[in-house]
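Hi,

Here is the structure I said I would pass on. Have a look at it first, and then read on for what turned up.

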Amino acid sequence: MSPQRPLFSLIIFLASLSLCFCYYMEEPLDQTNAERYPVHHNWRLIKPKHHQHFGFMPRTSRATWTSSRPHGTVVVSVDDYGAKADGRDDSEAFEKAWHDACSRGAALVVPQNRIYLLKPITFSGPCQPNTAFMVHGTIKAWPQISAYEQDRLHWIVFDSVSNFRVDGGGTFNGNGKKWWQNSCKTNPNLVSHALLIKLPCKDGPTAVTFTGCNNLRVANLRFIDAQQMHVTFQKCFNVIASNLVVRAPENSPNTDGIHVSETQNIQISNSDIGTGDDCVSIVSGSQNVRVTDITCGPGHGISIGSLGADNSEAEVSNVVVNRATLTGTTNGVRIKTWQGGSGYARNIKFLNIAMQNVTNPIIIDQYYCDQQTPCREQKSGVQLSKVLYQNIRGTSASEVAIKFDCSRTVPCREIYVQDVILEPEGGSGGTIATCENVRYVNRGKFFPQCSPPPRISMWIADFMSIDLRNDSWLQRMDVGGLMDVGEGFLSMDGCRRKKELLE
């Protein structure tokens, strides 16, 4: 083989990686190459027939997970290391199997039709290339809370494992019922006791945590009944999470489906999530996040935040939520920040979303307060800017279908609304929009309209903040002669006259 051959192969490999993540390049907020999809009468998004179905995963795909592995990969079964799946703790056998698989670059296999009980456990890297964790059966959390005395925040942790795959069609069962019953959110006696002794309520463990993992793929798995959050990606880079089913009862507290924290370049797709909290939550330090083809419900919707708690600094940017179906959730697409925080959340797009019987379908809440005692208003806040809502339709279970409740001291800037129609569930009554301290532009259909409309000074300030003096901005927006900026409709000539006044 010629000396140039390895170098050429390396160049091809690097080029393929850049193609995989090229979509994270930032594009102008008011332009999008996202394809639009019609909405059926029951508010479920429908692709044209020549496209692959999205939204709800076909039943056949759920029942027939396939878990192919590269030819020649060494297989390590936990049964060969003493796992019994007989109701006793199998943690030690899993630790031995992982040590062997990690050191050899093998695939650890959890056999199907068996249920293995594990106490809190960490699978640490670095590992040899091609290491995989193939779950065909069920891994279930140890039922006794006393097992978590050393670390109450985690059950299963994958730490610093790169070029790693977790797959197999099996199940992680958090066995969370006892944890929910002992949560301050469901047990009033615990709340009173916690307030009496001035101690915060204790958190439950996240079921599965990936921390410091690079080039990670998590696919074809079920996560059910987590103690608290189901799956967390923390400080990871280059992640693909696809074909996941996440399930917990609607009244299970803090059971977020997929939680993204301090993670960059992550794609979450083709997943069905229904829990007692956010289906997907994205918090500070996260950048280049794409959430595509998600069904959500029950739960609290798809959220960015909360951000800025305890006067912290937040940084979230380049987030795209595209083609989601939400049914019966207590929120739709939400951005939530605490008073007193700092930093920013910007370059965010919510595209092609269908909602049915959703409370608070579109909400920005900069006065978020998830605690027993009231939160006082503060002078600082997280800056929200460059947020696009496009092609969002469906029915609202609440009268207020759109709520922009932005900070008085740090108003929301450059909020774009295009083709948003949210009607009342059942067709009776009406819907309204409330818009406080927000500078927004809309084009196309927009219902319900903001009420009461912002002051004139607000939308003039909005013109200035988005540099309407430059006619090329109007051309990029392609407003077609009419657009709504804060209040009323202005013609293209009227916009140019306003430009002259500003000059």
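Glu-95 counts as partly exposed, since its relative accessibility is 44% (under 20% relative accessible area is buried, over 50% is exposed and partly exposed is in between, with a 1.4 Å probe and protein chains only). Before you go further: this is a predicted model, where local features need pLDDT of at least 70 and side-chain atom pairs count only at pLDDT 80 or more, while totals for chains, interfaces and linings use all residues. Residues are numbered from 1 along each chain as its sequence is written, and side-chain values use heavy atoms, with hydrogens and water left out.

Back to Glu-95, which is part of helix H3 (helices are DSSP runs of H or I with at least four residues, strands are runs of E with at least two, and both are numbered from the N terminus). H3 covers residues 91–104, and its 14 residues should span 20 Å at 1.5 Å a residue, which agrees with the 20 Å between its end C-alpha atoms (the expected span is 1.5 Å times one less than the number of residues). Buried residues of H3 include Phe-94, Ala-97, Trp-98 and Ala-101. In an α-helix there are 3.6 residues a turn, so residues three or four places apart point the same way. After H3 comes Gly-105, with a positive phi near 70°.

Trp-98 also turns up among the aromatic rings: ring pairs link it with Phe-123, Phe-133, Phe-158, Phe-164, Phe-210 and Phe-233 into a cluster. Rings of Phe, Tyr and Trp (its six-membered ring) pair if their centres lie within 6.5 Å, and planes under 30 degrees apart are stacked, over 60 edge-to-face and the rest tilted. The whole structure has 17 aromatic pairs. Tyr-440 and Phe-446 are edge-to-face, because their ring centres are 6.4 Å apart and their planes are at 70°. Tyr-440 is buried at 2% relative accessible area, and Phe-446 is buried at 7%.

Two rings have a charge over them (NZ of Lys or CZ of Arg within 6 Å of the ring centre and within 35 degrees of the ring normal). Lys-119 is over the face of Trp-142, 5.1 Å from the ring centre, and the charged end of Arg-346 is 3.7 Å from the centre of the Tyr-344 ring.

Tyr-344 and Arg-346 both touch Ser-317, as do Ser-286, Gln-287, Asn-288 and Asn-347, leaving aside residues up to four places away in sequence (contact means heavy atoms within 4.5 Å). Ser-317 is in strand S19, residues 313–327, and counts as buried at 9% relative accessibility.

Now for strand S23, residues 383–396: twelve of its 14 residues are buried, so the rest of the structure largely encloses it. S23 pairs in the parallel sense with strand S21 (residues 342–358) over eleven bridges, where strands pair if DSSP finds at least two bridges between them. Leu-388 in S23 stands opposite Lys-349. S23 also pairs in the parallel sense with strand S25 (residues 412–424), over ten bridges, and Gly-394 has Leu-422 in S25 as its bridge partner.

As for the chain as a whole, it has eight helices and 29 strands, and 51% of its 503 residues are buried.

Cheers
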